[in-house]
Amino acid sequence: MLSRLAVLLAALLCVAATNASAQSGPITWKTELFNPKSKTDDFIVPIPCGGGMAFRRVKVPTTGGALADRRVRLGWSNPETGYSDYIHDEYLQGGLSEAGVESRFYYIGKYEVTRDQYDAVMSPQCPTPKPSGKMPKVELSWFDAVEFSRRLNEWIGDKAPDHLPMESGARAFLRLPTEVEWEYAARGGAEVQEGAFRERLPLKAPLKTYAWYEGAESSNGKVRPIGLLDPTPLDLYDMMGNAEEIVFEPYYLNRAGRRHGAPGGFVTRGGSVKEPENRFRTAMRREYSYFESPSNKALRTQTSGLRLVISAPAEVDGKRIEAIRKDWSEVTAQRNAGATDPLSIVRELAKSSSDHAIVSSLETVEIAIVQDQRIRNELEERALRQSLFVGGIMVRTLRENDQRLRQLKIALDTVTGLGDAEMASGIQSQMEEAKSRLRLTSQIYVQTLFQVADRLREDRLNEQVNLLSRELGGRSQGDLVPFVQTFARETTGYSRRPVTSEEELVRRTLQ
């Protein structure tokens, strides 16, 4: 009896020792089980049981000091869902930095967290990694997702602290992404042109090539293993479809472009295999109550999963706090300087004074302020006219390049019919060059249109179009006026309804 008990105890100790070793050892899982589309610049973090988790760097370029952040336009213009995801401006700064690299950044999970990864962190026994464990972990509550990140952080801090980056002496950590972090990464971040960033979906390819959704041509309503479809521009997989992904902050309504004041339940992003194809958009959001009714238990939906980010505290050490404080003082001083109308203040002081010398001095100040405002307005108007001029040139160049491409197509069809292979090859080369010029011109045109539309005052735009038209006529460039007017019309149309895709903007301009 004693010998049998001793054998049993030894076996239990052996199992415990095996689990302890797996918990603290290096990554032993096969790469294809946690990073099936491995790349050399992936950032890999170890997890318990010999597992790993892959992340991608998301750059957030900014200019300025410690408080510099990046304005990003998110959301979508659709009256049916505007209360939830209407177009709005947000601001983002990466929580991490690297010596010699100007852009700050953060990391986001390359894939959704899988069943095996979740079990490695949350289960008392290590899972045996297998292909079926590559399915995204679903049926999670918001509290499950937060608890998963807490346990993983504590395990890394204990067993593998050197595998997370440092930020000014503070160690980074893993957490759920914010909505801005999630959508910025899903759209392609700084790796794509502004036009592509604002599109409804992150890729121009058919949705079924990079997203699992409801329907027999896709997943038929069932989650699929990670990494099977095409990635987004940041090499992220399943950002659209498969599991819907829980984010950190609560749900807020959208009040015509700004966050509404009442917080709600938790949010998921990206849609799931239960969504039909026509509902997908990068801006799509779903709200769920944190708790079921009437049981008041934590709510777990059938398709809710997660993906983590790596970031760091904002106030990490005295040096950074001092830099933040300095920048804050400068930004506040600039804001306060523009918060009141100096011209009104000077005029009120002049009215209240009976000292002619003071009044005379204040009148001199008033003249200087008026002149300064006039110069500022003139500079803004001149910059707008210059943008309209460039826009007009881009419209004309777009149409010329498009016409050139059409002519080459006709020529190619002609020589192909004549059987002249050598000449056909030469024309094909010219067509490739013409297509390249057309793409470049389209990008410059759309970027210019966005810059004007984002800060558009229609009354000022119309004034400057009329003035520029007269200037062009006086410079014998009147032939450019119709192109300037086309640019102004398209800019106004986009400003009123900023849902038009980049392709549609170019197509309409070419008509």
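In this predicted model, Thr-268 stands opposite Arg-286 in strand 12. This pairing belongs to an antiparallel arrangement in which four bridges join strand 11 to strand 12 (residues 285–288). Strand 11 also has a partner in strand 10: six bridges join strand 10 (residues 244–255) to strand 11 (residues 258–269), and these two strands likewise run antiparallel. Within that pair, Pro-250 stands opposite Phe-266 of strand 11. Strands 10 and 11 form a hairpin with two residues between them, and Ala-256 in the turn has a positive phi of about 50 degrees.

The largest nonpolar core contains 36 residues, and the members that touch the most others are Phe-55, Phe-148, Leu-152, Leu-308 and Ile-310. Two or more residues are given to this core by each of strand 1 (43–47), strand 2 (51–60), strand 6 (101–109), helix 4 (115–122) and helix 5 (142–159). Helix 5 provides the largest share, six residues. Ile-310 illustrates the contacts: beyond residues up to four places away in sequence, Ile-310 touches residues including Phe-43, Val-45, Phe-55, Leu-96, Tyr-106 and Tyr-107, as well as Leu-164, Pro-165, Ala-172, Phe-173 and Leu-174. A second, separate core comprises 35 residues, among them Ile-427, Val-484, Tyr-494 and Leu-505.

Leu-67, Trp-328 and Val-331 make a nonpolar surface patch of about 300 Å². Trp-328 lies in helix 8 (residues 318–337). This tryptophan, Trp-328, is classed as exposed because its relative accessible area is 52%, and the cut-off for exposed is over 50%.

How values were computed: Residues numbered from 1 in each chain as written. Predicted model: local features only at pLDDT ≥ 70, side-chain atom pairs only at ≥ 80, totals over all residues. Heavy atoms only, no water. Core = buried A, V, L, I, M, F, W, Y, C linked by side-chain atoms within 4.5 Å. Buried < 20%, exposed > 50% of the residue type's maximum accessible area, 1.4 Å probe, protein only. Contact = heavy atoms within 4.5 Å. Patch = residues over 30% accessible without salt bridge, like charges linked within 9 Å, V, L, I, M, F, W, Y side chains within 5 Å. Areas by Shrake-Rupley, 256 points an atom, 1.4 Å probe, with all protein chains shown as cover. Salt bridge = Lys/Arg side-chain N within 4 Å of Asp/Glu carboxyl O. Pairing = 2+ DSSP bridges.
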